[in-house]
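Here are my notes on the model you sent over. Have the coordinates open while you read.

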Amino acid sequence: MARKTKEEAEKTRQLLLDCALTVFLRKGYSATTLNDIAEEANLTRGAVYWHFKNKVDVFSAVMDKAFDPISRLVRHILERGGAPMFVLTEVLQHWMLKLAVDDTMQKALELVMTKTEHSEELSEHHERVIRQDHDFIRNLESVFRRGIAEGLFRSDLDPAVCAATFMALCSGLARLNINHPSELDMAKHCTMVSDIFFSGVKAPSTRSE
């Protein structure tokens with residue numbers, strides 16, 4: 001019975017997260033209340049407080065649910081190592097494929113980009129995201145540095161600039177997918193996009209490979 005209760009509680013939590021994402025998208029973060037989320041889920045406000053401390057806690061949990069799968073995958077790819085070109089290509093193509101097929105991540109990106117105002121209330125969440133982005137860029141920088149040292153990438157490149165540019169490409173693709181989804185088929189053209197990027201960083205001796 002205890003296990004069933006735990007499973008039911010988790011189902012309720014996931015329902016609240018799904019409903020919160022729906023309401024946040026419909027009304028925007030600032031205009032949404034915990035009552036709105038509870039009503040969307042056909043639950044009481046008390047049920048929301050059973051699982052979450054406040055609206056910021058709900059928002060952070062919504063973001064974690066949407067982005068944790070791709071974050072874990074990218075972290076695994078980077079930690080696993082391998083040929084720098086292969087590692088970076090995997091990261092970029094997995095990101096584009098997730099943009100193409102992951103409805104929850106698409107909605108979360110739309111929420112962040114178009115329906116969430118920067119506010120003091122969300123400052124801690126934003127700071128956490130910035131730290132995560134910083135760690136991602138530093139990890140990318142290490143891969144680019146290794147590629148340069150191994151003669152796979154151009155010797156005149158600055159690995160920090162390469163990493164920041166790669167990050168900007170990922171962010172730009174996300175914004176394009178939300179604001180102009182018909183401009184680029186993320187699943188169909190992920191190989192072409194990675195080829196365009198890496199044609200600029202490959203060492204001349206590797207460009208025919």
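1. Ground rules before anything else. This is a predicted model, with local features needing pLDDT of at least 70 and side-chain atom pairs counting only at pLDDT 80 or more, while totals for chains, interfaces and linings use all residues. Residues are numbered from 1 along each chain as its sequence is written, and side-chain values use heavy atoms, leaving out hydrogens and water.

2. Start with helix 5, residues 84-101. Helices here are DSSP runs (H or I, at least four residues), numbered from the N terminus. Helix 5 has 18 residues and spans 26 Å from first C-alpha to last, close to the 26 Å expected at 1.5 Å a residue; the expected span is 1.5 Å times one less than the number of residues.

3. Which residues of helix 5 are buried? The list is P84, V87, L88, T89, E90, V91, L92, Q93, W95, M96, K98 and L99, where buried means under 20% relative accessible area, exposed over 50% and partly exposed in between (1.4 Å probe, protein chains only). Their cover includes helix 4 (55-80), helix 6 (103-114), helix 7 (123-149), helix 8 (159-179) and helix 9 (190-199).

4. T89, in helix 5, deserves a look. A polar atom of its side chain sits 2.7 Å from the backbone oxygen of M85. Setting aside residues up to four places away in sequence, T89 touches S194 and F198, with contact meaning heavy atoms within 4.5 Å.

5. Now the largest nonpolar core, which has 61 residues. Such a core is a set of buried Ala, Val, Leu, Ile, Met, Phe, Trp, Tyr and Cys residues joined through side-chain atoms within 4.5 Å. F24, V58, F166 and L173 touch the most other members. Helices 1, 2 (34-40), 4, 5, 6, 7, 8 and 9 each supply at least two residues, and helix 4 gives the most, with 12. In soluble globular proteins, nonpolar side chains tend to be buried together.

6. For F166, neighbours within four places in sequence aside, the contacts are L88, V91, L92, F136, L140, F144, F197 and F198.

7. T22 belongs to helix 1 (residues 2-27) and is partly exposed, at 33% relative accessible area. Its C-alpha is 9.9 Å from that of T104, 82 residues apart along the chain.

8. One backbone check: N42 has phi near 60°, a positive value in a residue other than glycine. N42 is in the loop between helix 2 and helix 3 (45-51). Is N42 buried or exposed? At 71% relative accessibility, N42 counts as exposed.

How values were computed. A polar contact is a pair of N or O atoms within 3.5 Å; within protein, one must be able to donate a hydrogen and the other to accept it, and residues adjacent in sequence count only if both atoms are side-chain atoms.
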